[in-house]
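I am opening my notebook on a new structure. I want to look things up one at a time and write down what I find.

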Amino acid sequence: MPMPTLLRSVRVTKTRKLSAAVLVAAGATAALTVPAAAGEAHAASSAAPSAVQPVSANGQPVGAKTKAADPKAGEQAANLADAVKVTAVAAQGHTAKEAASRAADRKPVEAAKPHYANNLDGWIKESLAIMKEKGIPGSYEGLHRNIMRESSGNPNCVNDWDINAKNGIPSKGLLQVIQPTFDTYHVEGTAHDLFDPVANITAAANYAAHRYGSMDNVNSAY
């Protein structure tokens, strides 16, 4: 049986109102849901740990301003390095000056003098060393030979019978030297004593060098 026109109109109107109400309700629900989701996302972002930032080769975050990249920091580092170098050089110079000062303050060490025996052998050897230093010729053999002829090796020997003795200037010592001859040919560095063995030998060798060329050339009274 056909529905009356008025009844169909009422049903259509109710259906449209119901659809509108459903749409309104759906929009409200969506409006409430979106802010909540956004809030939850923000809270989750706050609660989550910070994301790891990329780092450069020196361990600093990319884009971070490092001390090395800072011109002032680089200049300060360079100045510090220069200061360290200057200080090191100054310290070395000071040490060198101190070493030089200590070296200057040190007294030169004298070479140890050779030891000579207090006998005829030692006296001849010491005389030869002095003769060599002074440029006086002579040999061990020449000195020893003439000593044995003149005094038999006695440094205190005195000739009291020859012409010199009669004139008051007797020959004395190992090589029988008179006082005037000793005084004239005395060699610096030896004792001023006619009876001193080394002084006597060296003075006699000096006299023989001037008169005979060397004591080696003397084979008799001279």
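My entries follow, grouped by topic.

**Ground rules**

I am working with a predicted model, where local features need pLDDT of at least 70 and side-chain atom pairs count only at pLDDT 80 or more, while totals for chains, interfaces and linings use all residues. Residues are numbered from 1 along each chain as its sequence is written, and side-chain values use heavy atoms, with hydrogens and water left out.

**Confidence**

I looked up pLDDT first, which is the predictor's confidence in each residue, from 0 to 100. The protein chain has a mean pLDDT of 76, and 56% of its residues reach 70 or more. Residues 18-51 have a pLDDT below 50, and beyond near neighbours in sequence this stretch has one contact in the model. A contact means heavy atoms within 4.5 Å. Residues 64-68 also have a pLDDT below 50, with five contacts beyond near neighbours in sequence.

**Overall layout**

How many helices and strands does the protein chain have? I found seven helices and zero strands. Both are DSSP runs numbered from the N terminus: helices are H or I with at least four residues, and strands are E with at least two. Along the sequence the pattern reads α-α-α-α-α-α-α.

I then checked burial. Buried means under 20% relative accessible area, exposed means over 50%, and partly exposed is in between (1.4 Å probe, protein chains only). Of the 222 residues of the protein chain, 23% count as buried. I also looked at contacts between residues at least 6 apart in sequence, and 45% of them join residues at least 24 apart.

**Tyrosine rings**

Next I searched the whole structure for aromatic pairs and noted two. Rings of Phe, Tyr and Trp (its six-membered ring) pair if their centres lie within 6.5 Å; planes under 30 degrees apart count as stacked, over 60 as edge-to-face and the rest as tilted.

Tyr 185 and Tyr 207 make an edge-to-face pair, 5.4 Å centre to centre with 70° between the planes. This pair links distant parts of the chain: Tyr 185 is in helix H6 (residues 179-185) and Tyr 207 is in helix H7 (residues 197-212), 22 residues apart. Tyr 185 is partly exposed, because its relative accessibility is 21%. Tyr 207 is buried, because its relative accessible area is 12%.

Why is the pair of Tyr 207 and Tyr 222 called tilted? Their ring centres are 6.0 Å apart and their planes meet at 35°, so the pair is tilted. Tyr 207 lies in helix H7 and Tyr 222 in the segment after H7, so this pair ties together parts 15 residues apart in sequence. Tyr 222 counts as buried, at 19% relative accessibility.

I stayed in helix H7 to look at Asn 206. Asn 206 is buried, with a relative accessible area of 13%. Leaving out residues up to four places away in sequence, Asn 206 touches Ile 136, Tyr 185 and Val 187.

I turned to Phe 182, in helix H6. Is Phe 182 buried or exposed? Phe 182 counts as buried, because its relative accessibility is 1%. Not counting residues up to four places away in sequence, Phe 182 touches several residues, including Val 177, Leu 194 and Ala 203. The C-alpha atoms of Phe 182 and Leu 194 are separated by 6.8 Å, and the two are 12 residues apart along the chain.

**Positive phi**

Most residues other than glycine have a negative phi. I looked for exceptions. Ser 152 has a positive phi, near 60°. Ser 152 lies in the loop between helix H4 (140-151) and helix H5 (163-166), and Ser 152 is exposed, with a relative accessible area of 57%.

Gln 176 also has a positive phi, near 50°. Gln 176 sits in the loop between H5 and H6.
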